[in-house]
Amino acid sequence: MSKINLRIALWNANGLANHLLEVESFLKNNYIDIMLISETHGTDRSYFNITGYATIATNHPSNCAYGGAAILIKRSILYEQQESICTDAVQASCIKIKCSNEKIMIAAIYIRPRFALKEADYDTILNKLGIKFIVGGDFNAKHLHWGSRLSSPKGVQLLRSISKNHVAALSGGRPTYWPTDPNKTPDLIDVFLHKGLNKILFGVENSYDLTSDHS
């Protein structure tokens with residue numbers, strides 16, 4: 001691609017296999033070039049194929065149906081698959097694309113809520129993504145800085161890391177997680193992070209077209 005002109009969607013599927021038809025419709029109706037998906041619940045027996053899109057998936061290392069991340073990218077876009085992040089705590093699928101004669105890492109990430117990552121853990125993830133990247137996913141970390149209703153300890157650690165590493169956060173500023181427990185309040189935990197790219201290039205809008213406990 002000769003210039004940056006992409007529509008990138010971000011979504012926690014809470015299990016991708018059951019959403020094939022609606023994801024296919026969403027991609028085509030919204031002219032999505034790349035979709036970053038977290039909590040795919042994929043295993044080595046999973047199969048997910050949408051005509052015109054390649055799927056790059058990273059499952060939980062136990063090969064059990066929880067966690068996981070995936071990227072759907074139009075086959076017309078040239079990309080290079082990169083080494084994934086695959087630990088008990090973090091799963092991320094990574095590719096590189098060429099925009100404006102520069103290579104940019106694109107990653108979909110899922111961080112499981114049971115793990116309390118520290119600043120150094122986030123440093124390791126961000127450093128792996130390089131000097132120019134866009135990463136999106138369910139970080140399970142809340143902070144007022146990216147629009148959550150409160151700041152959690154994990155959010156504080158993540159903010160320290162992105163501030164130190166000159167990384168910017170992007171969100172639509174509205175809740176993205178809608179708990180089924182009526183005693184829990186919706187909040188924003190799905191965000192984009194980017195580095196080495198001018199923030200004026202980006203615009204973010206919320207969508208409620210897909211069905212899971214996330215938007």
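Student: Why is Asp33 counted as buried?

Tutor: Good place to start! In this predicted model, Asp33 has a relative accessibility of 12%. Buried means under 20%, so Asp33 qualifies as buried.

Student: Where is Asp33 found?

Tutor: Asp33 is in the loop between α1 (20-29) and β2 (34-38).

Student: Which residues is Asp33 in contact with, leaving aside its neighbours within four places in sequence?

Tutor: Asp33 is in contact with Asn5, Leu6, Arg7, Tyr53, Leu72, Ile73, Lys74 and Ile77. To be listed there, heavy atoms must lie within 4.5 Å.

Student: What makes the approach of Asp33 to Arg7 a polar contact?

Tutor: The side chain of Asp33 reaches the backbone nitrogen of Arg7 at 2.8 Å.

Student: How far apart are the C-alpha atoms of Asp33 and Arg149?

Tutor: They are separated by 30 Å, and the two residues are 116 apart along the chain.

Student: Now to another loop. Is Asn165 buried or exposed?

Tutor: Asn165 is buried, because its relative accessible area is 12% and the cut-off is under 20%. Asn165 sits in the loop between α3 (153-164) and β10 (168-170).

Student: What joins the side chains of Asn165 and Asp123?

Tutor: A polar contact of 2.9 Å joins them, and that value is within the 3.5 Å limit. Beyond its neighbours within four places in sequence, Asn165 is in contact with Asp123, Leu126, Asn127 and Lys195.

Student: Let's step back to the whole chain. How many helices and strands does the chain have?

Tutor: The chain has three helices and 11 strands. Along the sequence they follow the pattern β-α-β-β-β-β-β-β-β-α-β-α-β-β.

Student: Why does the radius of gyration of the chain agree with a compact globule?

Tutor: For 215 residues, a compact globule would have a value near 17 Å, and the chain has 16 Å, which agrees. Along its principal axes, the C-alpha trace spans about 40 × 35 × 30 Å.

Student: What share of the residues counts as buried?

Tutor: Of the 215 residues, 47% count as buried; Asp33 and Asn165 are among them.

Student: And what share of the contacts with a separation of 6 or more comes from residues 24 or more positions apart?

Tutor: Such residues account for 65% of those contacts.

Student: What does the surface of the chain come to?

Tutor: The accessible surface is about 10,700 Å², and 50% of it belongs to carbon and sulfur atoms.

Terms used:
Residues numbered from 1 in each chain as written. Predicted model: local features only at pLDDT ≥ 70, side-chain atom pairs only at ≥ 80, totals over all residues. Heavy atoms only, no water. Helix = DSSP H or I, 4+ residues; strand = E, 2+ residues; numbered from the N terminus. Rg over C-alpha atoms; globule rule 2.2 N^0.38 Å. Buried < 20%, exposed > 50% of the residue type's maximum accessible area, 1.4 Å probe, protein only. Areas by Shrake-Rupley, 256 points an atom, 1.4 Å probe, with all protein chains shown as cover. Polar contact = N/O pair within 3.5 Å; in protein donor to acceptor, adjacent residues only side chain to side chain.
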